[in-house]
Amino acid sequence: MKLSSILIQVTNDLINSPEAEEIKLSLWELAKEGGWIMLVLAILSVIAIYIFVERFITINRASKKDDEFMNSIRNYMIEGRLDDARQLCKQKGNPISRMIEKGISRIGKPLNDIQTAIENVGNLEVSKLEKGVALIGMISGAAPMLGFLGTVTGMIRAFYDMSMAGNNIDIELLSAGIYEAMVTTVGGLIVGIIAFILYNILVSKIDNIVNLLESKSIEFMDVLNEPA
């Protein structure tokens with residue numbers, strides 16, 4: 001009997017077996033057939049979701065717009081109340097306020113120095129917001145590869161069991177390897193797709209914050225350039 005005919009027969013037997021309906025109804029039982037790789041994929045999915053939720057909340061807090069803040073800073077600077085402006089920045093405690101506070105502390109120095117100091121703080125704030133985001137990107141690429149690894153090991157297991165059985169090929173003997181191959185592929189793709197979507201959501205929100213920081217730094221420098 002040809003190898004392709006054997007695989008087709010085994011697959012048909014799996015689909016038409018009495019246990020097939022029960023397995024389809026139990027995702028947990030199906031996931032267990034994937035072996036240790038499914039455990040690794042589960043851990044990676046938990047890590048990705050945890051980082052996403054934590055970063056999503058942090059980034060949302062940092063991206064809140066407060067037009068009154070910059071208006072108050074402008075009024076304080078025009079009136080020469082720099083201490084009050086710094087105090088307001090400390091009260092806000094967000095990336096924009098910390099960036100503006102650094103600029104206020106450099107007032108009196110050349111404008112280029114002030115702008116450089118602001119940009120440096122802005123870069124540091126963006127780096128803080130990006131903490132852990134790269135790990136989600138790594139999971140989005142690693143999860144499918146782990147799934148394909150499970151496919152290879154599952155097929156190796158099935159072929160090995162087939163070779164050891166000789167002509168007495170039994171569906172129960174081959175089902176474990178075939179299940180492992182199929183389930184890990186699906187699991188790896190699902191985790192990878194979810195992680196990829198979460199990663200791009202965070203990257204998009206961070207890009208918006210970068211644009212916001214740039215606009216606020218320009219607004220601050222415009223205040224410094226205003227005639228007394």
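Mentor: Buried means under 20% relative accessible area, exposed over 50%, and partly exposed in between (1.4 Å probe, protein chains only). This is a predicted model, in which local features need pLDDT of at least 70 and side-chain atom pairs count only at pLDDT 80 or more, while totals for chains, interfaces and linings use all residues. Residues are numbered from 1 along each chain as its sequence is written, and side-chain values use heavy atoms, with hydrogens and water left out.

Trainee: How many Å does helix H4 reach from its first C-alpha to its last?

Mentor: Helices are DSSP runs (H or I, at least four residues) numbered from the N terminus. H4 covers residues 36-62, which is 27 residues. The expected span is 1.5 Å times one less than the number of residues. The reach of H4 is close to the expected 39 Å, at 39 Å.

Trainee: Is Phe-52 of H4 buried or exposed?

Mentor: Several H4 residues share one class, including Ile-37, Leu-44, Arg-55 and Ala-62. Phe-52 is among them, and the class is buried.

Trainee: Which helix gives the most to the nonpolar patch?

Mentor: Patch residues have over 30% relative accessible area and no salt bridge, with like charges joined within 9 Å and nonpolar side chains (Val, Leu, Ile, Met, Phe, Trp, Tyr) within 5 Å. Here Phe-148, Leu-189, Ile-193, Phe-196, Ile-197 and Ile-201 make a nonpolar surface patch of about 550 Å², the areas coming from the Shrake-Rupley method with a 1.4 Å probe. Phe-196 is placed in H10. With five residues, the main contributor is the helix spanning residues 171-225, H10.

Trainee: What is the relative accessible area of Glu-125?

Mentor: The side chains of Glu-125 and Arg-98 meet in a salt bridge of 2.8 Å, N to O. Glu-125 lies in helix H8 (residues 111-129) and Arg-98 in helix H7 (residues 95-105), so the pair joins parts 27 residues apart in sequence. Arg-98 is partly exposed at 32%. Glu-125 is buried, at 5%.

Definitions and conventions. Helix = DSSP H or I, 4+ residues; strand = E, 2+ residues; numbered from the N terminus. Salt bridge = Lys/Arg side-chain N within 4 Å of Asp/Glu carboxyl O.
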